[in-house]
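Me: I would like to learn how to read a few features of a protein model. Please take them one at a time.

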Amino acid sequence: MANHREWEFGAHRAYFEEPDLLVMKFNGPSKLEDSKKVLEICQEVSRNGPVFVISDVSTSSIDKDSRELLVAQAKAEWFRGHVYLGTGPLQRAGAKALMLALYFTGKWTVDVDFADSEKDARDLIAKKRAQPPKK
């Protein structure tokens with residue numbers, strides 16, 4: 001039987017599907033303690049190698065301190081890719097600007113994509129899985 005883990009923190013939920021997929025569903029505001037839990041979960045599930053993440057942020061928001069904590073403490077080596085669901089044009093532009101800044105500092109080399117549905121995100125990840133991991 002495949003290993004499947006689940007977490008609930010605040011109004012948010014995450015689950016891990018073997019071999020390498022973490023799905024996070026955020027509901028309502030994300031506060032500092034939520035971001036700390038996200039970091040803990042990402043570190044835990046990536047112990048055996050980098051993972052893909054799907055983050056559904058369609059019904060959520062994140063405060064400045066929480067966002068800054070994630071940017072400061074997330075490790076690129078934990079991830080093979082990250083796909084966001086539920087972002088509008090402004091959220092996408094902001095996320096792309098942030099990722100571009102991180103790429104230029106050398107702190108972030110993980111592909112960040114956007115999808116309209118979880119099925120689309122899973123299809124994108126299946127294509128990326130078929131490619132060799134980036135060095």
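Me: Is Ser35 buried or exposed?

Reply: This is a predicted model, in which local features need pLDDT of at least 70, side-chain atom pairs count only at pLDDT 80 or more, and totals for chains, interfaces and linings use all residues. Residues are numbered from 1 along each chain as its sequence is written, and side-chain values use heavy atoms, with hydrogens and water left out. Buried means under 20% relative accessible area, exposed over 50%, and partly exposed in between (1.4 Å probe, protein chains only). Ser35 has 2% relative accessibility, so Ser35 is buried.

Me: Where is Ser35, and which residues is Ser35 in contact with?

Reply: Helices are DSSP runs of H or I with at least four residues, strands are runs of E with at least two, and both are numbered from the N terminus. Ser35 belongs to helix 1 (residues 32-45). Contact means heavy atoms within 4.5 Å. With neighbours within four places in sequence left aside, Ser35 touches Ile62, Ser66, Leu69 and Leu70.

Me: How many aromatic pairs are there?

Reply: Rings of Phe, Tyr and Trp (its six-membered ring) pair if their centres lie within 6.5 Å; planes under 30 degrees apart are stacked, over 60 edge-to-face, and the rest tilted. The count is three aromatic pairs. One of them is edge-to-face, because the ring planes of Trp78 and Phe79 stand at 65 degrees, with centres 6.1 Å apart. Both Trp78 and Phe79 are buried.

Me: What kind of pair do Tyr84 and Phe114 form?

Reply: That pair is stacked, with 6.0 Å centre to centre and 25 degrees between the planes. Tyr84 in strand 5 (residues 79-85) and Phe114 in strand 6 (residues 111-115) are 30 residues apart, so the pair links distant parts of the chain. Tyr84 is partly exposed at 22% relative accessible area, whereas Phe114 is buried at 16%.
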